[in-house]
Amino acid sequence: MEYRKFSTQDAEIIIPAPRVKPSISIVGLGYVGAVSTACLAALGHEVIGVDLDQQKVDQIGRGQSPIHEADLAETLQDGVAGGLISATQDLRQAVRDTDVTFVSVGTPTAADGGCDYTYIEQASEAMAEGLRGKKGFHVFAMRCSIPPGTTMGVMAPILERISGKVAGRDFGICFNPEFLREGVAIDDFRNPPKTVIGTTDFATAEIMRRIYEPVDADPILTTIEVAETIKYVDNVWHATKVCFANEVGRLCKPLGVDSHAVMDIFTQDQKLNLSAYYLKPGFAYGGSCLPKEVRAVQHVASTLGVNLPMIGSLETSNNEQIQQAVEMVRKTNAKRVGILGLAFKPGTDDLRESPILEAMAELQRDGVELIAHDAAVTKDTPLGGLASYTKYGSQGLAKLAAGLKDMLREDVDAVMAEADAVIVCHASDEYRVAVAEHSDVPVIDVVRLFGSAPRDVAIDGIGW
């Protein structure tokens with residue numbers, strides 16, 4: 001390995017030379033880690049994936065995707081075939097064998113609504129042991145969603161205490177938030193909306209800038225705390241947009257106003273109203289980020305004694321959207337209800353805090369029999385690793401987990417044929433055809449399947 005030296009007032013820092021691509025270890029092979037492993041290898045980096053789950057390690061090592069994500073399997077296969085991707089459970093050795101470590105471990109909700117640092121602390125201890133005695137300048141890039149101050153307040157002290165080294169002099173630390181949407185994560189990595197690098201020293205900034213140069217030649221360089229905060233602010237804003245549009249829908253319906261016509265005009269203002277991506281009345285927000293981040297921001301504000309009434313009401317508004325769907329089903333008097341789409345969004349098998357699971361759990365308590373179909377969720381979809389996300393978060397998955405696989409049907413028409421009423425949660429051509437062909441089944445459409453619903457179909461939405 002070729003190195004280049006940088007002199008500071010306190011010490012001489014050694015980093016990989018500009019024309020040498022730094023080798024990278026990635027801790028945590030979930031969505032962000034698996035996608036980052038594949039995409040960084042595609043940029044020519046040697047990448048070592050690290051996870052405590054031996055099954056994930058084996059899958060990545062064979063070039064197999066551990067999750068349902070478009071183009072991920074092919075990208076992993078290319079990296080393994082090219083000798084650029086390997087995987088291990090040994091984080092200490094992975095740090096010794098690489099130049100940069102990306103930290104993408106889980107940060108579930110803690111008992112008090114804040115952030116659970118358990119996985120960060122465990123990873124930091126192992127990384128510090130790997131760093132101890134290592135020569136050269138190593139960079140640790142935190143990518144998890146965490147409260148501002150966590151990188152320097154939790155990870156950095158552990159690294160310094162156990163390794164005996166000093167951050168900013170002997171090793172680098174940065175916060176590098178990811179902006180990957182599940183279902184299109186590979187494309188988002190290759191065409192990022194923005195690249196944010198928060199750090200405290202030039203050497204780390206330069207190493208990270210070179211890593212991302214092929215996909216973003218003009219990254220945003222800022223402080224660690226600003227970078228941490230922007231990740232929360234982005235996700236809270238996305239959650240805000242979903243609830244705002246849904247409230248517009250609930251207002252418009254009793255007035256006889258087409259909420260989608262209203263929002264179509266609203267979203268034409270790209271200068272002031274920003275992206276139209278979330279701004280359509282639909283179903284509740286869910287997934288691994290938005291619910292957890294909203295709770296975390298509420299917790300941070302509470303600990304500071306700051307009143308944030310709008311953010312504080314997001315969960316209430318979101319839960320009302322779920323309750324609206326439940327009440328619409330109840331009005332049909334259906335004894336057997338079909339669900340089309342279980343994951344929180346199409347194109348992924350991620351069931352973490354999926355809002356339809358909350359509705360299903362409530363209907364099940366009413367004695368309703370449930371059957372379901374999802375293009376990405378099968379009876380083989382693993383559920384065991386999601387326990388930490390349901391312990392203090394939404395409880396729908398935990399309540400349904402034992403019987404969820406028995407509810408699944410492989411064929412959409414089977415659901416339509418067996419159900420007394422159907423809730424459509426994913427807007428797909430497959431579901432549009434199924435609804436149109438089974439006009440005798442009442443449909444609660446929470447995603448606006450059609451611009452104009454077929455006249456012979458009994459279909460109704462929450463906000464239209």
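This is a predicted model: local features need pLDDT of at least 70, side-chain atom pairs count only at pLDDT 80 or more; totals for chains, interfaces and linings use all residues.

Q: Which hand does the crossing of H13 and H14 have, left or right?

A: Right-handed, as H13 passes H14.

Q: Which residues of H13 and H14 meet?

A: On the H13 side look for Ile322, Gln323, Val326, Val329 and Arg330; on the H14 side, for Pro355, Glu358, Ala359, Glu362 and Leu363. Sorted by class, this H13–H14 contact holds six nonpolar, one polar and three charged residues.

Q: Now H9. How do H9 and H10 pack?

A: Helix H9 runs over residues 224–255 and helix H10 over 259–266, and they pack at about 135° with axes 9 Å apart. That angle makes H9 oblique to H10. The crossing of H9 past H10 is right-handed.

Q: What meets what between H9 and H10?

A: Phe244, Ala245, Val248, Gly249 and Cys252 come from H9, and they meet Ser259, Val262, Met263 and Phe266 of H10. The class count for the contact of H9 with H10 is seven nonpolar, two polar and no charged residues.

Q: And at what angle do H9 and H11 pack?

A: At about 115°, with 9 Å between their axes. This makes H9 roughly perpendicular to H11, since angles of 65 to 115 degrees count that way. The crossing of H9 and H11 is left-handed.

Q: Let's turn to the gaps. How much space lies in the second largest pocket?

A: The general idea first: rolling a probe the size of a water molecule over the atoms shows where empty space is left. In this model, the second largest pocket holds about 230 Å³. It is lined by 14 residues, and those closest to its centre are Asn318, Asn319, Ile322, Glu358 and Ser394.

Q: Which helices supply at least two residues of that lining?

A: H11 (290–304), H13 and H14 each do. H13 gives the most to the lining of this pocket, with five residues. Four nonpolar, five polar and five charged residues make up the lining of the second largest pocket. Two of the residues closest to the pocket centre, Ile322 and Glu358, also take part in the contact of H13 with H14.

Q: How many cavities of 30 Å³ or more does the structure hold?

A: Two. The largest cavity has a volume of about 130 Å³. Among its 15 lining residues, Arg143, Phe179, Pro192, Lys194 and Thr195 are the closest to its centre. The lining of the largest cavity divides into nine nonpolar, two polar and four charged residues.

Q: What lines the second largest cavity?

A: Val377, Thr378, Thr381, Leu383, Leu404, Lys405 and Leu408 do. The volume of the second largest cavity is about 30 Å³, and its lining has four nonpolar, two polar and one charged residues.

Key. Residues are numbered from 1 along each chain as its sequence is written. Side-chain values use heavy atoms; hydrogens and water are left out. A crossing is left-handed if the near helix is turned anticlockwise from the far one by less than a right angle, and right-handed if clockwise. Helices (H or I, at least four residues) and strands (E, at least two) are DSSP runs, numbered from the N terminus. Contact means heavy atoms within 4.5 Å. Ala, Val, Leu, Ile, Met, Phe, Trp, Tyr, Cys and Pro count as nonpolar, Asp, Glu, Lys and Arg as charged, and the others, Gly among them, as polar. On a 1 Å grid over the protein atoms alone, a cavity is a set of points where a 1.4 Å probe fits but cannot get out, and a pocket is an open set with protein on both sides within 12 Å along at least five of seven lines; lining residues have an atom within 4 Å of a point. Grid points are joined across faces, edges and corners, and a volume is the space filled by probe spheres set on the points. Axes are lines fitted to C-alpha atoms, for helices over the stretch in contact, and angles run from 0 to 180 degrees between N-to-C directions. Angles under 35 degrees count as roughly parallel, over 145 as roughly antiparallel, 65 to 115 as roughly perpendicular and the rest as oblique.
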